[in-house]
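Let's walk through this model together, one question at a time. Have the structure open as you read.

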Amino acid sequence: MNEKCVVENAEKILGYLHTNVLSRDLIPPHVNFSHLTAKDYTEMYKVIRAVKEDRFASLGLDPCLLEDELDKSVQGTGLAFIAFTEAMTHFPASPFWSVMFFLMLINLGLGSMIGTMAGITTPIIDTFKVPKEMFTVGCCVFAFFVGLLFVQRSGNYFVTMFDDYSATLPLTVIVILENIAVAWIYGTKKFMQELTEMLGFRPYRFYFYMWKFVSPLCMAVLTTASVIQLGVTPPGYSAWIKEEAAERYLYFPNWAMALLITLIVVATLPIPVVFVLRHFHLLSDGSNTLSVSYKKGRMMKDISNLEENDETRFILSKVPSEAPSPMPTHRSYLGPGSTSPLETSGNPNGRYGSSYLLAGTPESEL
């Protein structure tokens, strides 16, 4: 039996006692509402149901069965900390499974946090050359203080706010822009060719059509549905109203709405900002560090912008080899009506050692 359900229904019973809907004679004398146990509530529930059989349905009391709680708490924090926890109390050797379950939650949290932190620190460290150790520690300390917001008594409301609004629409927009950038701007054929060179075999034709047509369409529908849902359903949260002994859906106050808008804007802001900075050449994209182009089977190298200690000098110091390339020579699927640039075995200038890509490939960067 769930403790939250017992507390909620006990408050309802107290309300009925104060309004004389229920008689105090129905409450067993040993029952203490300040420390109500599941056994005491079950006893009260059976007595009230037997005496008030004709009007029992109008009282709105729940038996607080485990099956009902599992049906209600099927997602979010309710699933992990209410439904699963309550279910494990009925397992054989329940303390062991409880420890294993929460160890699993800790490992899942650490794994997610490591991946998230690496996604934040790696681009900044590579771009601005900041000290890795100090920057990582600073990000972790900052995340710790932000996380304190979620462990206070109202923390579950902030968890719902961040989870529903800062990770849904912005993430969908970012994913669809990534898909369009790779499939339509960079080119699916070129991307398939590079996958063939890296993997050593051709990807299935299925991926070409999924990346180029199906995925953008599905993501566009999902983005549209998310925007419509935000417009139709006002942002709000479910709160327990003690006076009514019931759960109600309430709208967010103005300061919370401002926070929601800030979360959405901040999550998507880097995309237009970086685009404008690079469009007007205010931020370098790193492409001028090493430029390699291919023209008529000959490799052209531009090293005018290389620094003296650049590691790419090690690559440029190698001499092309006349040995056959180890790359596969079978045809890869690059799209309808396309031909594979790997079929250039007859061209002697198209063979280089393992230090270079094939001369017949499209322009790319080392």
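Q: Are H9 and H10 roughly parallel or roughly antiparallel to each other?
A: This is a predicted model, in which local features need pLDDT of at least 70, side-chain atom pairs count only at pLDDT 80 or more, and totals for chains, interfaces and linings use all residues. Residues are numbered from 1 along each chain as its sequence is written, and side-chain values use heavy atoms, leaving out hydrogens and water. The axes of H9 and helix H10 (residues 205–232) come within 9 Å and cross at roughly 170°. Angles under 35 degrees count as roughly parallel, over 145 as roughly antiparallel, 65 to 115 as roughly perpendicular and the rest as oblique, so H9 and H10 are roughly antiparallel.

Q: How many charged residues does the contact of H9 with H10 have?
A: Ala, Val, Leu, Ile, Met, Phe, Trp, Tyr, Cys and Pro count as nonpolar, Asp, Glu, Lys and Arg as charged, and the others, Gly among them, as polar. On that basis the contact of H9 with H10 has 18 nonpolar and 6 polar residues, and the charged ones number 2.

Q: Are H9 and H11 roughly parallel or roughly antiparallel to each other?
A: The axes of helix H9 (residues 169–199) and helix H11 (residues 254–268) come within 9 Å, crossing at roughly 20°. H9 and H11 are therefore roughly parallel.

Q: Which residues in H11 do Leu-169, Pro-170 and Ile-174 of H9 meet?
A: Contact means heavy atoms within 4.5 Å. By class, the H9 contact with H11 has 5 nonpolar, 1 polar and no charged residues. On the H11 side, the partners of Leu-169, Pro-170 and Ile-174 are Ile-264, Ala-267 and Thr-268.

Q: What is the relative accessible area of Ser-112?
A: An unreviewed UniProt entry lists Leu-108 and Ser-112 for "binding site"; such annotations may be inferred rather than shown by experiment. Ser-112 is found in helix H6, and Leu-108 lies in H6 (residues 94–128). Buried means under 20% relative accessible area, exposed over 50%, and partly exposed in between (1.4 Å probe, protein chains only). Ser-112 is partly exposed, its value being 46%.

Q: What is the phi of Asn-20, roughly?
A: Most residues other than glycine have a negative phi. Asn-20 sits in the loop between helix H1 (3–18) and helix H2 (38–51) and is exposed, with a relative accessible area of 65%. Although Asn-20 is not a glycine, its phi is positive, at about 65°.

Technical notes
Axes are lines fitted to C-alpha atoms, for helices over the stretch in contact, and angles run from 0 to 180 degrees between N-to-C directions. Helices (H or I, at least four residues) and strands (E, at least two) are DSSP runs, numbered from the N terminus.
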